[in-house]
Amino acid sequence: MDLIGWVIFLVALLFSVMLHETGHFVMAKKFGMKATRYFVGFGPTIWSTRRGETEYGIKALPLGGFVKIIGMHSLDDVDDPADEPRSFRRQPAWQRIVVLCAGSFMHFVLAFLLIFGLALGIGISNDNTTQLGTVSTCVAANTTQLNNGTCTASDQASPAKLAGLRVGDQVTAFNGKPVSNWTQLGNAIRRAPAGSAADITVKRDSTLLTLHATLAAVSGRSGAYLGIAPTVVFQTVNPVRAAQYAGSAFGQVIVGSAKAVAALPSALPKLFSKDRGGTAAGQVSSVVGAAEATGAAVAANVGWQYKVSFVLLLIASLNIFVGVFNMLPLLPLDGGHVAVVVWERIRAWFARLRGRPDPGLVDMAKLLPVSFSIFMVLMFFGVMLVLADIVNPVNIAG
């Protein structure tokens, strides 16, 4: 575990939560609703100050934050009856929906800006290059050993090592045929017969060299084996391309998040199995798993660009997931409260059609058992994920 990585992740998580609450707070204020408290954390109050009608403060447990908007629903009593006109429940439906959605909107904005800034400042990662990032030292005995990147004393040296290939070499041709990306080079290597001779032309320090190797084979793996892997190259782009990349990445994370949520019930039985990583359970993780991945990335022996890219993309993905999940039409999530407001308007519309008075607010007391049940289910899945990430972790950092 890398403590710095954990700290980075937890600070980013706390910032994301407070940004969520800021979205609710700002929009509530804009619509004239009365917000009496805005706090970072939970538990005993460490510090607070009052500005106007709102108390701002910090609590002892940095596990999130909250905003208190008076009169959120039918069960929320307002201390001063004179404030009732400014309560959340007395505002137009569209304003209430905007306030409820503002939290997730802030997650989406943060995620988009993180991905956009990454593409603009550090660059978009590209591993489809012919520049070598890894030169294996041995020929693995089987695919398991190959995937783990381990060597034993009895393993023969890899063709790449024997040929003199080095990390940083730019392969320009394989057996006399030019290659410009890893897809071409990888296909050319796999198509060659194992045991055959191969000429590899590389560019090293502005000098072209032709090296010679005898290709090998790995048990259980089709095609010939040379023992190389590409480096990850980061290419900065212009603002338009950065926005396109951010939009594309945003869409991919939303689709992936939907699949992860849908797969969660079926993934539960595999959370504690030895083959978790190869099942749907390996695609879901808790805050603990994400923090571990951040720590592993920070501690990894890789370039700073990879570290920053991984952490920013992980934080962006987490924000997108939380934003989408929070808008599910389930109480006590914000999306559940949106569904209640929408149902109130539908019910009022039907009442007008029948010449009856507006039935008013939904009786939240009747929905408390549903809200509590859903909350307990969410807590159960959350606890199971945390336990699985502690006792049966998956290396989502790769």
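Serine 206 counts as exposed, at 69% relative accessibility; buried means under 20% relative accessible area, exposed over 50%, and partly exposed in between, with a 1.4 Å probe and protein chains only. The model is predicted, with local features needing pLDDT of at least 70 and side-chain atom pairs counting only at pLDDT 80 or more, while totals for chains, interfaces and linings use all residues. Residues are numbered from 1 along each chain as its sequence is written, and side-chain values use heavy atoms, leaving out hydrogens and water.

**Positive phi values**

Serine 206 lies in the loop between strands E7 and E8. Helices (H or I, at least four residues) and strands (E, at least two) are DSSP runs, numbered from the N terminus. Asparagine 175 is found in the loop between E5 and strand E6 (177-178). Each has a positive phi in a residue other than glycine.

| Residue | Phi | Relative accessibility |
|---|---|---|
| Asparagine 175 | near 55 degrees | 39%, partly exposed |
| Serine 206 | near 70 degrees | 69%, exposed |

**Nonpolar cores**

A nonpolar core is a set of buried Ala, Val, Leu, Ile, Met, Phe, Trp, Tyr and Cys residues joined through side-chain atoms within 4.5 Å. The largest such core has 22 residues, of which Leu165, Phe174, Leu185, Ile200, Leu226 and Ile228 touch the most other members. At least two residues of this core are supplied by each of strand E4 (132-135), helix H4 (159-163), strand E5 (170-174), helix H5 (182-191), strand E7 (197-204) and strand E8 (207-214). H5 gives the largest share, four residues.

Leucine 185 is in contact with Thr130, Val171, Phe174, Val179 and Ile228, when residues up to four places away in sequence are not counted. Contact means heavy atoms within 4.5 Å. A second, separate core holds 20 residues, including Ala111, Phe116, Ala246 and Val311.

Helix H10 (residues 364-391) contains serine 371. This serine 371 is buried, with a relative accessible area of 14%. Leaving aside residues up to four places away in sequence, serine 371 touches Leu331 and Pro332.

Leucine 331 and proline 332 are themselves joined by a cis peptide bond, with omega about 10 degrees. Proline 332 is in the loop between helix H8 (304-326) and helix H9 (334-353).
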